[in-house]
Amino acid sequence: MSGPGVGWYLIVAAILFATGALGVLLRRSPLIVLLSLEIMLNAGNLALIAFSRQIGELDGQIFALAVMAVAAGEVAVGLGLIVAMARRGVALDVDQASALRG
Amino acid sequence: MITGAWICLFAPLIGAAFITFMGQDITRRQAGWVSTLTTFAAFGGALVAFIGLWAESPDNREQTSTAYTWLAAGDFDVGFQILVDPLSTVMMLIVSGVGGLIVWYSMGYMAGDDEERRYFAYMSLFVFSMLMLVEAGNFLLLLVGWGLVGLASYLLIGFWHQKPEAVAAAKKAFVMNAIGDATFAVALVLLVWETGTLEFFGVFDQAGSMSSTMINLVALGLLGGAVAKSAQIPLHTWLPDAMEGPTPVSALIHAATMVTAGVYLLVRASPIFELAVDVQHLAAILGAITLLAAGVIALVQWDIKRVIAYSTMSQIGYMFLAAGIGAYGYAIFHLMTHAFFKALLFMSAGVVIHHLDGEQDIRRMGGLKDVLPRTHIAFLVGSLSLAGIPIFAGFWSKDGIIASAFAVDDALGAVLYAAGLVGALLTGLYTFRLYFTVFHGEQSELVAEHTRHEGHGEGPRSMLVPVGILTVLSTIGGLVVIPGVWEPFLTWIDETAEPLVHATVAEDYGTSAIAVSLALVGFFIARAAFRRGRQLVTRPALWRVLEHKLYFDEFYDALFYRPAAALADTLRQRVEEPVVERSLDEIGSGTIQVGGEVARVQTGLLRTYALTIAFAVAVLIVVFVAVR
Amino acid sequence: MGNFLVWVVWFVAAAGCLGSGVAVVSMQNPFFSALALIGNLASLAVLYLLLAAEFLAAAQVLVYAGAVMVMFLFVIAYLGGRADAPWAGGSPLLRTAAIIAAAAILVEVVVVLGLAWGDNLKDPAEVSDSFGSPGEIGELFLTDHLLAFEITSIVLLVAAIGGVVLGLTREKEPA
């Protein structure tokens with residue numbers, strides 16, 4: 001069965017990626033930033049799988065699986081960070097975490 | 001014989017090194033003895049060399065000896081080479097003999113000075129340097145000795161370094177000598193370029209094949225060095241100031257030996273000068289000008305040492321005159337007799353100064369004849385010798401020079417002859433003015449004061465014995481040349497440098513008659529002026545000019561010093577301060593500023609960092625697509 | 001008929017994807033954002049199915065939506081009110097720059113796609129029925145991509161340890 005060509009999936013992935021990027025850059029809550037990051041990762045996954053289908057090799061899907069696993073790990077650590085921040089009373093605001101200011 | 005020459009050269013150096021390294025472990029007196037004895041050892045070595053050379057047949061009287069090859073570059077090499085020939089042995093004897101007497105004298109003169117050891121180390125260094133100069137077998141070693149005597153002179157003039165005048169005088173001497181050293185070095189460079197060697201005999205053999213311009217340039221360079229070292233006009237202003245040094249230093253360096261190095265050079269390099277006749281005549285003319293100028297300046301000086309210094313300048317003018325017309329034997333003969341009587345004069349003046357606790361102004365002296373009888377005799381002998389009264393040493397040598405000028409047949413000879421005779425008159429005038437003012441007349445207050453306090457003799461034995469020896473030498477030292485009877489000294493020097501002119505016996509004695517009469521006229525005028533309490537020069541304008549030493553110092557100051565100082569000041573204000581100093585500050589503050597600006601990138605906000613990454617990605621996409 | 005169905009499914013899934021994506025980014029209540037993300041993940045799973053990646057679709061739903069999002073919800077519940085995320089703040093310059101950057105990336109990607117539309121993206125390759133099946137993926141993981149497999153497992157281990165460390169309560173901390 002044929003459906004939309006690979007190109008369409010890629011466009012969806014691109015728009016999803018841009019959306020996620022906007023979320024990362026524009027939101028102040030670290031939680032929302034993490035969620036937006038997840039969107040970006042998923043967009044990347046979609047692109048990988050689309051290409052894998054296009055060239056007929058499974059390497060893209062393997063890569064996407066690995067990305068999924070790493071994303072899971074990253075979310076775990078990120079959430080741990082947020083919980084630690086909340087426990088210490090640090091405000092959950094990305095703009096206030098500016099200890100790296102030179 | 002050659003060994004003797006080597007011992008002569010190195011004994012003083014060993015003395016100097018010993019005193020330096022032993023430092024405070026030897027007493028001051030012991031340092032004095034080390035210096036004196038090594039200098040006399042050098043004299044012994046010189047004597048051995050001299051006698052050995054005398055025993056050789058006349059054809060074999062040019063012996064060189066090379067210790068090792070010092071410098072080798074391609075075809076050019078220079079060795080540490082000494083030359084034993086008639087001229088160098090005579091110079092060795094004079095330097096080590098008179099030097100030894102003066103160093104012995106210093107033991108008494110400098111006794112009690114805190115830094116006596118340093119003094120004797122420097123004196124030995126000087127004797128070594130001067131011996132190296134006269135024993136050198138090639139021009140490079142001569143230049144080394146030349147430079148080292150300049151150094152020793154600087155160290156010794158500025159010996160009393162707490163006195164700012166002494167330090168300034170030392171610097172002046174060194175800088176003026178440096179001008180001479182520079183021209184000398186240029187001459188050597190030209191010699192190497194043209195002939196490829198610096199050995200005396202190598203150069204002299206090839207000198208004939210050099211172009212006329214080259215030979216003149218080389219001769220001019222050598223003459224420049226000689227003029228500076230021997231304090232002839234125009235590079236003479238350092239010599240009177242050099243009297244700031246201790247009196248024995250003035251005696252040794254600025255009378256007997258160092259200042260005569262220029263004459264030695266003119267005689268040693270005579271083959272070169274004979275090919276550059278104009279330069280040789282220039283030397284004679286400069287000598288004549290100096291002898292007259294120094295003579296008139298000496299008529300008005302008040303400092304006892306400065307009068308003697310100008311007298312030295314004048315007598316060296318005679319030697320330059322002789323070397324300039326080719327009377328080499330007489331030039332060296334006068335060098336020897338001058339060493340005797342000038343050292344004698346300085347040393348007797350030193351006894352006077354020592355007795356008066358450092359007073360050098362003759363206006364405060366007088367009547368010392370009865371107080372210091374032996375010194376009086378010594379000074380009188382020295383004065384008679386200087387003025388050229390027979391039978392004293394100066395008579396034989398000075399008149400020989402003037403007669404040789406007569407033997408030069410052209411206009412130059414006539415002018416030089418006249419100058420020599422006028423010089424004889426001037427010499428008589430200033431010498432006896434000095435003698436009468438210091439020793440005759442009533443005792444001045446100062447003298448009376450010192451005579452009351454001192455009760456003992458005129459001075460320590462170490463001071464009086466050398467003075468006595470020099471008195472004897474100044475009396476009989478000239479008897480090695482009696483024209484028409486025997487002239488062994490002249491024949492001896494002739495082997496090295498064949499004279500260009502030879503006066504007949506009649507010319508010689510005729511000239512002597514005129515010169516001696518002129519000197520006696522000077523004596524009587526001086527005595528008459530003294531008896532009447534008048535000065536020899538009374539016109540105020542003339543007095544002022546002469547007192548300011550013909551305004552040479554002021555002229556050089558305006559010509560060289562002022563522009564240089566003004567330029568330095570301008571550079572400092574315009575260039576160094578704003579550009580160099582402030583730029584250092586600006587580099588520092590500028591870096592801090594830039595650092596501050598750059599640090600603003602570190603906002604600490606995660607979002608800006610993420611934004612930067614996003615932009616980078618956007619750019620990279622374009623780059624990747626374009627590259628593909 | 002089959003083709004049309006595929007298109008419709010695709011359309012719905014794509015719309016759901018994009019819509020929920022925008023919702024995630026723009027909601028003020030993080031709980032709703034998380035829920036929107038779950039919707040996003042589900043839509044993506046459907047898209048994966050359309051792309052013959054069955055195993056990945058299943059993994060997506062199980063791991064991502066099932067485990068990761070549950071973790072998110074737990075944390076949001078724990079944080080409670082503190083997790084509220086208003087839109088305010090940030091300099092206008094920053095916001096404009098961010099929009100420009102995101103837009104630039106989007107435009108570039110679309111342009112590149114457009115350039116390659118004709119040739120590379122023409123016909124997808126022929127694939128067998130077992131393309132994307134767990135068996136095939138498993139086989140690849142354990143042969144060609146064994147290193148990736150092992151490293152991924154190490155990364156997960158490190159993340160787990162990290163999570164534990166971050167969650168530790170320091171007993172000795174002064175109050």
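I looked up burial first: of the 175 residues in chain C, 26% are buried (20 or more other C-beta atoms lie within 10 Å of the residue's own, with C-beta atoms placed from the backbone). I note that this is a predicted model, in which local features need pLDDT of at least 70 and side-chain atom pairs count only at pLDDT 80 or more, while totals for chains, interfaces and linings use all residues. Residues are numbered from 1 along each chain as its sequence is written, and chains are lettered from A and ligands numbered from 1 in the order in which they are written.

I then listed the elements of chain C and found 6 helices and 0 strands (DSSP runs, H or I of at least four residues for helices and E of at least two for strands). From the N terminus, their order is α-α-α-α-α-α.

I next examined contacts (C-beta atoms within 7 Å). Among those in chain C between residues at least 6 apart in sequence, 55% join residues at least 24 apart. Between chains, 10 residues of chain B are in contact with 10 residues of chain C. The chain B side of this pairing has 8 nonpolar, 1 polar and 1 charged residues.

Finally, I searched for nonpolar cores (buried Ala, Val, Leu, Ile, Met, Phe, Trp, Tyr and Cys residues joined through C-beta atoms within 7 Å). The largest has 206 residues, and B:Ala331 is one of those with the most contacts inside it. Helix H15 of chain B (residues 328-355) gives this core its largest share, 18 residues. Apart from it, I found another core of 79 residues, including A:Ala13 and C:Leu50.

Conventions. Buried ≥ 20, exposed ≤ 12 C-beta atoms within 10 Å, placed from the backbone. Contact = placed C-beta atoms within 7 Å. Nonpolar A, V, L, I, M, F, W, Y, C, P; charged D, E, K, R; others polar.
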